[in-house]
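Here's a quick briefing on a structure with two chains to keep an eye on. Have the sequence and the 3D view open, and follow along group by group.

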Protein chains: 2
Amino acid sequence: MNNRITNLFQVKYPIIQAGMVWCSGWKLASSVSNAGGLGLLGAGSMHPEVLAEHIEKCKIATDKPFGVNVPLMYPQIEEIMKIIIEARVPVVFTSAGNPKLWTSALQLHGIKVVHVVSSLKFAKKCQDVGVDAIVAEGFEAGGHNGREETTTLCLIPMISAEVSIPLIAAGGIGSGKAMLAAMALGAEGVQIGSRFAASNESSASEKFKNLIVEAQEGSTELMMKKLTPVRLLKNKFYRQVKEAESSCADPDSLRSLLGKGRAKKGMFEGDLDNGELEIGQVSAMIDRVKPAAEILEEIWQEFLVESKNLLERIHQ
Amino acid sequence: MNNRITNLFQVKYPIIQAGMVWCSGWKLASSVSNAGGLGLLGAGSMHPEVLAEHIEKCKIATDKPFGVNVPLMYPQIEEIMKIIIEARVPVVFTSAGNPKLWTSALQLHGIKVVHVVSSLKFAKKCQDVGVDAIVAEGFEAGGHNGREETTTLCLIPMISAEVSIPLIAAGGIGSGKAMLAAMALGAEGVQIGSRFAASNESSASEKFKNLIVEAQEGSTELMMKKLTPVRLLKNKFYRQVKEAESSCADPDSLRSLLGKGRAKKGMFEGDLDNGELEIGQVSAMIDRVKPAAEILEEIWQEFLVESKNLLERIHQ
C-alpha cells in the first residue's frame with residue numbers, strides 16, 4: 001500500500017504505534033518500525049536524559065524511521081526538542097498544546113511534524129500552522145481525550161471533509177477490521193495505542209499488561225473531566241475518583257487525590273490498586289500479550305482480508 | 001445488495017430508519033419503506049389509539065414492509081402489542097426492557113423481532129431468547145444510551161465476534177461512509193436516526209429540525225447518567241441539567257427537573273429552550289433538511305462509491 005502516510009514517514013504500512021507514557025520505550029518503537037510500521041517513543045514519561053538514551057538505543061535497534069511523541073506542556077520542552085533535533089529524529093508527534101509553537105522550528109531541521117487533536121476545530125488550526133499530518137483521536141481512546149467526547153466514527157469523517165492534509169485515525173483501533181473502518185471514514189493511516197501497550201516489548205508492568213488482557217466491555221470510563229479528562233481502567237484508584245466525583249469533588253480535591261506519579265506507579269511499577277491505569281475501550285478485545293511485530297502483521301493481514309470480504313459482500 | 005438483513009425484512013437496502021419519539025410517524029416510515037429501506041414507527045411517543053392510526057395510514061401509504069419500535073417499559077404494552085399483532089405489522093423492534101418477554105409471542109404471529117442493545121452482554125441474551133436480529137447502538141447515538149459508554153467502533157466488532165445472528169449497527173451513522181465503516185466492522189445493516197429526524201417527513205417541529213442542522217461538534221452531551229443516560233442537544237434545559245449535575249443533584253432532583261412531557265415540548269412542539277432535545281453526535285454533519293427518500297438514496301450511493309474508492313486505495 002502506497003499513500004500519503006506511507007510516503008510521509010517512508011514506512012511499509014500506514015500504521016503508527018502511539019507514543020504512550022510508561023509503555024513505549026525504544027524496545028517497542030524499534031520493534032514496530034522494524035516490522036514496517038512507525039514506532040513512537042513516548043517522551044511524556046521520560047526525563048530529557050532518559051529520552052536521549054532511548055533515541056540512541058532505538059537508532060541502534062532499527063535503521064527504519066521512528067518518531068517521538070512530545071506533549072507540549074512538558075516542563076523541559078526546550079531541552080527535549082534540542083535532543084530530538086540534534087539526534088536527527090525523523091518524525092515528531094506533538095500533543096497537548098499549541099501546534100504553532102514548534103512546528104516550523106522542527107520542520108526547518110527536516111523533521112516531519114504531526115499534531116494530535118480530538119476536534120475539528122483544532123484539526124483546522126493544525127492545518128493552518130502547517131503540520132504535515134494530523135492524528136484525530138476519538139472518545140474511546142485511552143489517555144487524555146477531548147472535552148467534546150466526539151467518537152472516532154463521528155470525528156474522522158468530520159475532519160476529513162474539511163481538512164486536506166493527511167489524517168490518521170486513533171481511538172478504538174486495535175484490529176484490521178477497525179483499521180478498515182477508519183480508512184472507510186477517510187483516514188489514510190491509523191495510530192494504535194492500547195493494543196501495543198499489551199505487547200511483549202511494551203515497557204508497561206507485566207501486571208498491567210495482564211489486566212489489559214482481562215478487561216471487558218465497561219472496564220474503562222472517562223474520568224477527571226473537571227481537570228483533564230482521562231480514560232481509566234476500573235481499579236481501586238478509579239473507584240476513589242468515582243466516589244469523589246459522585247460527591248461533587250472540586251478540581252483541587254481531584255488534583256490532590258491524583259497526586260504525583262500515579263501513572264508511573266500503576267502502569268510501570270504494577271501497583272494495580274493505587275496506580276492510574278490509562279487504557280482505551282478497545283482493551284475489551286485484547287486477548288493476549290504478543291510480540292509487537294506479530295500484532296502489526298495480524299492487523300495488516302486482517303485489514304487486507306477484510307477489505308476483500310467487504311467488497312465481495314457489497315458487490316456480489 | 002443481498003444479505004441476511006435485506007432477506008429478513010424483504011427490503012432493497014439494509015438501511016433501517018430508527019423509530020424515534022416525536023419524529024417517526026407514518027409519513028417518515030412509509031417514505032423510507034417506499035424508497036427501499038425499512039421505516040419504523042416510534043411507538044414510544046404514541047398512545048395505543050394513535051399508534052393504531054399511524055399503522056393504518058402507513059399501510060395505505062406503502063405496500064412495502066415497515067415496522068414499529070416498541071420500548072418495552074411502555075405502560076400499555078399489552079394493548080400496543082395487541083394492536084401490532086392484529087394489524088399484521090411485519091417487523092417489531094423492541095428496546096428498553098427484557099427481550100424474553102415478547103419475542104416468542106410476536107414470532108408466533110409471523111412477526112420478525114429485533115431487539116436494541118448497547119452492550120455485548122445484552123446482545124448475547126438477545127441471541128439466547130431467539131430474536132431474529134440485533135441492533136447495537138454506540139455511545140454517540142441520540143436518545144437513551146448504554147451505561148458502559150461503548151462507542152459504535154468498539155461495540156460492533158465485539159458483538160460480531162461472539163454473536164452469530166444478524167447485526168445492525170446504530171449510533172454515529174448518517175452517511176454512506178459511516179455505513180461502509182459499520183459494514184467493515186461486521187454489521188449487515190445500519191439503523192439511522194438523527195439524519196432522518198431532520199427529514200421533511202419527520203414529525204419533529206421545524207424549529208427542532210433547524211437546530212439539528214445548526215448543530216456543530218460538541219453540541220450534544222450524554223446527560224442524566226443517574227437516571228437513564230440520554231444524549232441532549234445543548235439548550236437552556238440542558239444547561240439546567242448540567243448545573244444540577246455539577247452541583248451533585250440526586251436522582252430525585254433530576255427526575256423532578258425533567259418533569260413530564262419535556263421531549264414532546266422540545267422535539268414536537270418546538271420549545272427549544274425548555275424542551276428535552278434528543279439527538280446524536282452525527283447531527284454535527286447534518287447540513288440540510290431533505291426528503292427522506294433523497295437521504296436514503298444519497299447514503300446508498302455514497303456507500304457504493306466509497307466502497308469502490310476504498311478498495312482502490314488499498315489494492316492499487
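Predicted model: local features only at pLDDT ≥ 70, side-chain atom pairs only at ≥ 80, totals over all residues.

You'll find Leu120(B) in helix H6 of chain B, which covers residues 120-129.

**Who sits around Leu120(B)**

- Leu120(B) and Met158(B) are 38 residues apart along the chain, yet 6.8 Å separates their C-alpha atoms.
- Which residues does Leu120(B) contact, once you skip its neighbours within four places in sequence? They are Met158(B), Ile159(B) and Glu162(B) from chain B, plus Glu217(A) from chain A.

**A covered helix in chain A**

- Now hop over to helix H7 of chain A, residues 152-162, which is mostly covered: nine of its eleven residues are buried.
- The buried residues of H7(A) are Thr152(A), Leu153(A), Cys154(A), Leu155(A), Ile156(A), Pro157(A), Met158(A), Ile159(A) and Ser160(A).
- What covers these buried residues of H7(A)? From chain A, the cover includes helix H6 (120-129), strand E6 (133-137), strand E8 (167-170) and H8, and from chain B it includes H7 and H8.

**Where the two chains touch**

- The contact between the chains takes 43 residues from chain A and 43 residues from chain B.
- On the side of chain B that touches chain A, the elements giving two or more residues are helix H7 (152-162), helix H8 (176-184) and helix H14 (292-314) of chain B.
- That side of chain B splits into 20 nonpolar, 15 polar and eight charged residues.

**A closer look at H14 of chain B**

- H14(B) has 23 residues, and at 1.5 Å a residue they should span 33 Å; the end C-alpha atoms are 33 Å apart, so the two agree.
- Which residues of H14(B) are buried? They are Ala292(B), Ile295(B), Leu296(B), Ile299(B), Trp300(B), Phe303(B), Glu306(B), Ser307(B) and Leu310(B).
- Here's a handy bit of background for reading such a list: an α-helix has 3.6 residues a turn, so residues three or four places apart point the same way.
- On the chain A side, the buried residues of H14(B) pack against helix H8 (176-184) and helix H14 (292-314). Within chain B, they pack against strand E1 (15-17), helix H2 (26-34), H8 and helix H9 (194-197).

**Two helix pairs to compare**

- Two packed helices are described by the angle between their axes and the distance between the axes.
- H14(A) and H14(B) pack at an angle of about 150 degrees, with their axes 10 Å apart. Angles over 145 degrees count as roughly antiparallel, so that's what these two helices are.
- H14(A) passes H14(B) in a left-handed crossing.
- Ser307(A), Leu310(A), Leu311(A) and Ile314(A) in H14(A) meet Ser307(B), Leu310(B), Leu311(B) and Ile314(B) in H14(B). By class, that contact has six nonpolar, two polar and no charged residues.
- Next up are H8(B) and H14(B), which pack at an angle of about 60 degrees, with axes 7 Å apart. They are therefore oblique to each other.
- H8(B) passes H14(B) in a right-handed crossing.
- From H8(B), Gly176(B), Lys177(B), Met179(B) and Leu180(B) meet residues of H14(B) including Trp300(B), Phe303(B) and Leu310(B). The residues of this contact divide into six nonpolar, three polar and three charged.

- Most residues other than glycine have a negative phi, and most peptide bonds are trans.
- Trp22(A) isn't a glycine, but it has a positive phi of about 65 degrees. Look for Trp22(A) in the loop between strand E1 (15-17) and helix H2 (26-34) of chain A.
- Is Trp22(A) buried or exposed? Trp22(A) is buried, with 25 other C-beta atoms within 10 Å.
- Met224(A) isn't a glycine either, and its phi is positive at about 60 degrees. Met224(A) sits in the loop between strand E10 (220-223) and strand E11 (230-233) of chain A.
- Met224(A) has 20 other C-beta atoms within 10 Å, so it is buried.

**One last stop: Phe237(A)**

- Phe237(A) is in helix H11 of chain A, residues 236-246, and it counts as buried with 24 C-beta neighbours inside 10 Å.
- Setting aside neighbours within four places in sequence, Phe237(A) is in contact with Arg262(A), Asp273(A), Asn274(A), Gly275(A) and Glu276(A).
- The C-alpha atoms of Phe237(A) and Arg262(A) are separated by 9.2 Å, with the two residues 25 apart along the chain.

Technical notes. Residues numbered from 1 in each chain as written. Chains lettered and ligands numbered in written order. Contact = placed C-beta atoms within 7 Å. Helix = DSSP H or I, 4+ residues; strand = E, 2+ residues; numbered from the N terminus. Nonpolar A, V, L, I, M, F, W, Y, C, P; charged D, E, K, R; others polar. Expected span 1.5 Å × (residues − 1). Buried ≥ 20, exposed ≤ 12 C-beta atoms within 10 Å, placed from the backbone. Axes fitted to C-alpha atoms, helices over the stretch in contact; angles between N-to-C directions. Parallel < 35°, antiparallel > 145°, perpendicular 65-115°, else oblique. Left-handed = near helix turned anticlockwise from the far one by under 90°.
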